[in-house]
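Here's a quick tour of a single protein model, written for someone who likes to know the cut-offs. Have a look at the chain before reading on.

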Amino acid sequence: MECAISDFLSNGWSSIVETGCFRGNTADGCSTLILAKTASIVGGTFVSIDISKDHLEMARKFLAERDREVLKSTQFILSDSIIALSGLKGPIDLLYLDSLDFEEGNPIQSQVHQLAEMGSVYAKMSTGGGVLLDDFDLPHQGKCGLTPKFLEQRGARLIEKDYQLYYRL
């Protein structure tokens, strides 16, 4: 995620969208807080999409407790991520895909979901924008079993490969 944040701050980007939000466990990543703060630093916007009202409320409360200012530039959307992404207006500078938990016994479900998310929003991405894919370093490449090929076929460059994959379009 560090490389994606660095790109965001150094390229004059202003919009971040994430799918899947903070769920009450600080040990399970704090991407919602990190991305909201990053967008806020530059006076940009942050959109967090989740299908769970409870998760969105936990995320809103988590942000409010840590930095109430970031809520001014944050929008929470209660929806299926594929539907919500298709309805967003672009351009989107940084996209973070982390919805639908990976299940080792059924990896294709989260992989197809992530690919559908990417397909629903790809045309709204800014030229040279960034895409961060979560849960790569798991069996079967985690959620990332299909989306990298989609991105690479469209000329995206893999910038960072770790637990997450980071692509620049």
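## Ground rules

This is a predicted model, where local features need pLDDT of at least 70, side-chain atom pairs count only at pLDDT 80 or more, and totals for chains, interfaces and linings use all residues. Residues are numbered from 1 along each chain as its sequence is written, and side-chain values use heavy atoms, with hydrogens and water left out.

## Overall fold

The protein chain has six helices and seven strands, taking helices (H or I, at least four residues) and strands (E, at least two) as DSSP runs numbered from the N terminus. Reading from that end, the order is α-β-α-β-α-β-α-β-α-β-α-β-β. The radius of gyration is 15 Å, close to the 15 Å from the globule rule for 169 residues, so the chain is as compact as a globular protein of that length. That radius is taken over C-alpha atoms, and the rule is 2.2 Å times the number of residues to the power 0.38.

Buried residues make up 49% of the 169; buried means under 20% relative accessible area, exposed over 50%, and partly exposed in between (1.4 Å probe, protein chains only). As for contacts (heavy atoms within 4.5 Å), 73% of those with a separation of 6 or more join residues 24 or more positions apart.

The largest nonpolar core holds 23 residues, and Ile 16, Leu 35 and Leu 94 touch the most other members. Here a core is a set of buried Ala, Val, Leu, Ile, Met, Phe, Trp, Tyr and Cys residues joined through side-chain atoms within 4.5 Å. Elements giving it two or more residues are α1 (2–10), α2 (31–41), α3 (53–67) and β4 (92–97).

A second, separate core of 22 residues includes Ile 49, Ile 92, Met 118 and Phe 150.

## Around α2

Leu 35 sits in α2 and is buried there, as are Ser 31, Thr 32, Leu 33, Ala 36, Thr 38 and Ala 39. Cover for these buried residues includes α1, β1 (15–19), β2 (45–50), α3, β3 (74–78) and β4. Beyond its neighbours within four places in sequence, Leu 35 has contacts that include Met 1, Phe 46 and Tyr 96. Just after the helix, Gly 43 takes a positive phi of about 75°.

## Tyr 122

Tyr 122 lies in the loop between α5 (107–121) and β5 (125–133). Its relative accessible area is 23%, so Tyr 122 is partly exposed. Outside four places in sequence, Tyr 122 contacts Phe 150, Leu 151, Arg 154 and Leu 169.
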